[in-house]
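User: Please walk me through this structure in questions and answers. Keep it brisk.

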Amino acid sequence: MSTSHTDIPTASASRYLQQLCKHFAHKLPVTFDPAEGRISFAIGDVDLVATDATLRIALTSPDAENLEQLKDVVVRHLARFAFREELAVNWID
């Protein structure tokens, strides 16, 4: 298994968590509340935790190739929802 995570500083962490989860809930298994969420893709899982100042995203995937694809999908969608601010996404593998 390949894993990676990032802690993104933002005051809108809960809002972004909920937007990501609601967006993908139309096609994928998703569970969430204002503080935590999980999105299950065919290529891996995305776990989200929102605090007052940070959105933590943890990814788990069967291999490095799928992990990179999962990172790309999450960041592209997050950037759409967070267009009002520039988010610092630094993945730690």
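**Core, helices and strands**

Analyst: Apart from neighbours within four places in sequence, leucine 48 is in contact (heavy atoms within 4.5 Å) with Leu17, Leu20, Cys21, Ala35, Glu36, Gly37, Ile39, Leu55, Arg56 and Ile57. The model is predicted: local features need pLDDT of at least 70, side-chain atom pairs count only at pLDDT 80 or more, and totals for chains, interfaces and linings use all residues. Residues are numbered from 1 along each chain as its sequence is written, and side-chain values use heavy atoms, with hydrogens and water left out.

User: Is leucine 48 buried or exposed?

Analyst: Leucine 48 is found in strand β4. Buried means under 20% relative accessible area, exposed over 50%, and partly exposed in between (1.4 Å probe, protein chains only). Leucine 48 has 1% relative accessibility, so the residue counts as buried.

User: Where do the buried residues of α1 fall, seen down its axis?

Analyst: In α1, Ala13, Tyr16, Leu17, Leu20, Cys21 and Phe24 are buried. Their arc is taken from the directions from the helix axis to the C-beta atoms. The buried residues fall within an arc of 130 degrees, so they line one face of the helix.

User: What covers those buried residues of α1?

Analyst: Helix α2 (residues 64-81) holds lysine 71 and histidine 77. Histidine 77 is in contact with Leu20, His23 and Phe24, leaving aside its neighbours within four places in sequence. The cover over the buried residues of α1 includes β2 (30-32), β3, β4, β5 and α2.

User: How are the rings of phenylalanine 24 and phenylalanine 41 paired?

Analyst: Rings of Phe, Tyr and Trp (its six-membered ring) pair if their centres lie within 6.5 Å; planes under 30 degrees apart count as stacked, over 60 as edge-to-face and the rest as tilted. By this rule the count is 1 aromatic pair. The ring centres of phenylalanine 24 and phenylalanine 41 are 5.0 Å apart and the planes stand at 70 degrees, so the pair is edge-to-face.

User: How many residues apart in sequence are the parts that this pair ties together?

Analyst: Phenylalanine 24 is buried at 8% relative accessibility. Phenylalanine 41 is buried too, with a relative accessible area of 15%. Phenylalanine 24 lies in helix α1 and phenylalanine 41 in strand β3, so the pair ties together parts whose separation in sequence is 17 residues.

User: With which residues is lysine 71 in contact, leaving aside its neighbours within four places in sequence?

Analyst: Lysine 71 is buried, with a relative accessible area of 8%. Leaving aside those neighbours, lysine 71 is in contact with Ser4, Leu59, Trp91 and Asp93.

Note on methods: Helix = DSSP H or I, 4+ residues; strand = E, 2+ residues; numbered from the N terminus.
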